[in-house]
Amino acid sequence: MVGLATVFGAGGGTSSYEEVENSDLIVLWGSNARAAHPIFFHHVLRALERGAKLIVVDPRRTESAAFGDLWLGIDVGTDIALSNTIAREIIASDLQDQAFVANATENFEEYAESVAEWTLERGEEVTGVPADVIREVAHTYAQADRAQICWTLGITEHHTAVDNVLALINLGLLTGHVGKYGSGLNPLRGQNNVQGGGDMGAIPNKLPGFQDIVEDHEARARFEQAWGRPIIPQYGWHLTDMFHAMERGELTAIYCIGENPVSSEADATHATPLLENLDTLIVQDIVMTKTAEMADVILPASNAAFESEGTVTNSERRVQRVRKALEPPGQAKDDIWIIAQLARRLGHDWGELSASDAWEELRSLSPMHANMSWALIKEQGGVQWPCNDEFPNGAQFLHSRLWAFDDPARQGRKAPFSVVVDDPPVDLLSEEYPIRLTTGRRLDSFNTGVQTAGYTSPLRRPESVEVSAADAEALGVAEGERVRVSSRRGEVEAPVHISSALRRGLAFMTLHFPDEVETNRLTIEAADPKSGTAEFKATAIRIDKLRAGVA
Amino acid sequence: MDLHLTAATPTEEERRAVDGLLGPEPVPNDRVVRGGHETRADRTLLLPVLHALHASEGWISEGGLNYICERLTVPPAEAYGVATFYAMFSVQPQPKTMVHVCDDLACRIEGGRELVAELEADGANGDWTWTRSPCLGMCEQAPAIFVQRAGRPDVALGEATVATVRAAVAPDSMVTCAGAVTAPQAWDPAVRSGLRLLRRLGEVDPSSIDAYRAAGGYSALRRAIELGPERTIREITDAKLLGRGGAAFPTGVKWKAVAEQSVRPHFVICNADESEPGTFKDRLVMELDPFAVVEALTIAGYATGAERGYLYVRGEYPLATERLERAIAEARVHGYLGDDVMERGFGFDLELRRGAGAYICGEETALFNSIEGKRGEPRNKPPFPVTHGVFGKPTAINNVETLINVLPILELGAEEYSSVGTQDSTGSRLFCLSGHVERPGVYEHPHGVTLSDAIAAAGGVRGGKRLKAVLLGGAAGGFVGPDRLDARLTFEDARAGGYTLGSGVIMVFDEDTDLVDLVLRIARFFRDESCGQCVPCRVGTVRQEEALQRLVSGRTIGTRADELALLEDVADVMREASICGLGQTAAAAVGSAISTFGLFDGETA
């Protein structure tokens, strides 16, 4: 979201699902949507049925890649190199959208200069993808009528997360594949309301509605007026910063709502004691997570899906109503009620606060939600922001303003190209740690398993370290054999699974079964300073047989 | 597509069989893999590759099927669904040689039942086995067998005895298909020369394009090219050519509709999946005059703007398949198929597809699905094939007899062509005479011939016996009694008289025939052949057979009248609510037999 917000001023995917279905080319870059975003992938399948091409960029030959017209098996962490090479080829072949670049963007000259060194040959050398294939992708993308780039954690779980996103945005700007029907730049959201969380201000640098807490004085004043309190113009901490702050002893109390950092944090060996050493840990959740087990106070909450009123916002910025169908069990309470009660005990009586009260306040403070009444959401079955005087019924896609070449007032700030520099993963491969481990999800499990471990699935396999047949042979290990997997930070034991999705030197694990295999003992905490996302996707590991000599 | 396959792997033999059709397996590449639309488009090869696998091993193993799924990126459940859809495929281990013994209508009264009984008493050993089969389309040579021989060519043989079976299954068997000229009119040169559709049968070498040309072949295509597509279609329309497959749809209207579609590409298909019990005319034409079929389909392609055609031939017709394949190859060599047909600037080529034992695939939309590599289940109509046919593209589909009528229309002109027949049923018609007639075979008569004349032309009822009943139009048609012998065989008379010409079946039964046995066999046929997709047909065909069984055994539920009322009820539901013609006609013959002959009226029916 940081990348999109930097370039366009709004941190949301630019297209609607309908446009994805009607596009001509879909590039899934660092996204295994088939397994990780199966609902979104249904829209992709419709597009394929219509005849759209699918290009998948992923180190692994994933389930999504298996649907692709073309799969590019790049080396982990070489996304910027690939993007820059594609950009250079587009520019060298004069395939960029001249009018869009000239009238709707900034900083092109500097950008073009920065990618000039990325010849196809250099791109092949760094990414591992043959030059002629990179060329083909560049030409296909540039010449498509409607093209989508969709990405997820394969792009963002790197120490260069924001630069990776900027690198993809550059391609959209270069070809004019943004701000018009069917073309777009779309980060896919892992949950039904990740977008909503950001929209509502649950990010450290923005007020609700993506209004910058430091730079947007006008917005800050509006909030101060409404809340009757001054707001400190200072960015907060994102998750990784918080752990650093705990380490420094600056952060001693945490109120944790619906998050399970004990299971989900990179370098868990390091994170768990920090949480244990807090003065106060308050956990508000619907189930007893590993983090909740460590808490001083547990606030049992209601289920957001069917025990409370409110809204969620999906990947296409569509705000949808959630309605209460059941009373929460036992002493579990609605999140808003809990927060209001907390406020009252801290000396602020907000009265009987309802979800619609909260929503009305949001509309009064967040311009992009201004016209979005609950009545309109109900009538349209969801509304895509922005919903204001310019887009009274919401907007199917974002940034059409950029195409208003003749109307500077409407066009607003032009979108800047970003110079991004190839920067390999922090955790370098060495003779001692020669294998690149990358992590991800499987179709039938979700994150740390809190929501899925209770269900059976015919596809589910126990956690394992997936390796190529070539590596298994070199290591002398067989399918199912338990091995020791070590990184510079920790080690775990896991059975081997031989996967045809992997090539020599590439291994894969998930985070789904922390109780069986605590994968995050291996991963590196190195994070992007701008987004705070840890480099889950690139760990240097070694794999050792447990008992030497056993075939 | 991400496939979830079982661990079973193919044998070397199986791999070779599949690779033989699909080419060698691509070398794995750990950096770039192409697939997607390119690979999914190969789904249409599923049926041919299943044939190749089955022909190699005599059955389809899990490992073999897995390998096919991998090569074509077809989900294994779907591939299994397709493999198990067809009677000619087995997914259980079975001997390499499988004899299908016809015990359907014409064969069961001509020795088929006896052959089955003999094989039951003293039949298969470990190297071969046999099974009962629905009509094999060789009724004029009853009883018929069809032998699938893995590793060797399949054969279809008539007038079969146990000795025939043993000769066909022997390890060193030299048996081949005979290709008898069972069109008695063709035996007499004087009569033959007066025929339009059968005039080359038995006279012109079916393997030689030169012989075909010398006998007037390819003059119709030349004429079509002179006329251009539009006038060609007008000629067909003016000749009032009606489809001979049973629906009697005007061919000119169909072709025009396809030609006018802006969506590309267009397809033409020859429906040669002749499976209606009692029908064998298309088989004879394909065996003895294959170039006529190829030429007629080429004209259809030219007229409708299709560059590609399919010839979908019944799986149990090995000789027709072989001769058509040869004819297609010859036509290609001589420039009658290819990028520039007859050097006249249009491209057309065609591909032969072999069915695998499914009556339902004769239904046009089921045939599309079969070509596409799906289960041969009919689609809902509309949309109709002229807009959404095979691969969802505009498609003109005609059966063999309809197509070969195009040749005399173009050779003679519409006016001369329609000088034969009646006002509304122009031209001549092929009839399949079988059962108790002196000279069974395919006959060509002008529309308007009476039923009694048609039977007389075949020598009348054999042995001077009295006629009991005639099955008109096939199992989907109906029984008529001797009182209808004066019926004129035209579309309009049939419509007015409440009978059907169907696929031209005239199956004759003498006074000693057990009609109840035939009715039961027909009920079993529809129960077996219902594809199971829509409920009225899937359930109705079973209920129909059960009620008949109860009536025959005397163990009725309630009275006989109750059972007969139930049969009528079931018939209504099937007719009104089934998706396709199979269910809609599954009760027709049964009902006509019961009502015409009062089968279950007396105590001793």
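Reader: Why are helix 12 and helix 14 of chain B called oblique to each other?

Author: Helix 12 (residues 251–259) and helix 14 (residues 290–304) of chain B pack at about 50 degrees, with axes 8 Å apart. Angles under 35 degrees count as roughly parallel, over 145 as roughly antiparallel, 65 to 115 as roughly perpendicular and the rest as oblique. So helix 12 and helix 14 of chain B are oblique to each other. The axes are lines fitted to C-alpha atoms, for helices over the stretch in contact, and the angles run from 0 to 180 degrees between N-to-C directions. The helices themselves are DSSP runs (H or I, at least four residues), strands being runs of E with at least two, and both are numbered from the N terminus.

Reader: Before we go on, where does the model come from, and how do I read the numbering?

Author: This is a predicted model: local features need pLDDT of at least 70, side-chain atom pairs count only at pLDDT 80 or more, and totals for chains, interfaces and linings use all residues. Residues are numbered from 1 along each chain as its sequence is written, while chains are lettered from A and ligands numbered from 1 in the order in which they are written.

Reader: Back to the pair, then: which residues make the contact of helix 12 with helix 14 of chain B?

Author: Trp255(B), Val258(B) and Ala259(B) of helix 12 meet Ala300(B), Ala303(B) and Thr304(B) of helix 14. Contact here is a C-beta criterion (within 7 Å, with the C-beta atoms placed from the backbone). By class that gives five nonpolar, one polar and no charged residues. For the classes, Ala, Val, Leu, Ile, Met, Phe, Trp, Tyr, Cys and Pro are nonpolar, Asp, Glu, Lys and Arg charged, and the others, Gly among them, polar.

Reader: What makes helix 14 and helix 17 of chain B roughly perpendicular?

Author: The axes of helix 14 and helix 17 (residues 400–412) of chain B cross at roughly 80 degrees and come within 8 Å. That angle puts helix 14 and helix 17 of chain B in the roughly perpendicular class. On the helix 14 side of chain B the contact includes Val293(B), Leu297(B) and Ala300(B), and on the helix 17 side Leu403(B) and Leu407(B) are among the residues. The contact of helix 14 with helix 17 of chain B divides into 11 nonpolar, no polar and one charged.

Reader: What makes the largest nonpolar core a core, and which residues have the most contacts inside it?

Author: A nonpolar core is a set of buried Ala, Val, Leu, Ile, Met, Phe, Trp, Tyr and Cys residues joined through C-beta atoms within 7 Å. The largest one has 189 residues, and Ala144(B), Val293(B) and Ile506(B) have the most contacts inside it. Helix 14 of chain B gives the largest share, 10 residues. Ile506(B) touches, among others, Phe431(B), Leu433(B), Ile455(B) and Leu472(B), leaving out residues up to four places away in sequence.

Reader: How do you know whether Leu546(A) is buried or exposed?

Author: Count neighbours: 20 or more other C-beta atoms within 10 Å means buried, 12 or fewer exposed, and in between partly exposed. Leu546(A) has 11, so it is exposed. Leu546(A) sits in the segment after strand 21 (539–545) of chain A and touches Arg482(A), Val483(A) and Arg484(A), again not counting residues up to four places away in sequence.

Reader: And what makes Asn107(A) and His399(A) stand apart in that count?

Author: Asn107(A) has 16 C-beta neighbours inside 10 Å, so it counts as partly exposed. His399(A) has 24, so it is buried. Asn107(A) has a positive phi of about 70 degrees although it isn't a glycine, and His399(A) also has a positive phi of about 70 degrees without being a glycine. Asn107(A) is in the loop between strand 4 (105–106) and helix 7 (108–115) of chain A; His399(A) is in the loop between strand 14 (383–384) and helix 21 (408–411) of chain A.

Reader: Last one: how many residues are in contact between chain B and chain A?

Author: By that C-beta contact rule, 12 residues of chain B are in contact with 20 residues of chain A. Strand 1 (32–34) and helix 2 (37–40) of chain B each give two or more residues to the chain B side, and strand 1 gives the most, with three. That side has three nonpolar, four polar and five charged residues.

Technical notes: Contact = placed C-beta atoms within 7 Å.
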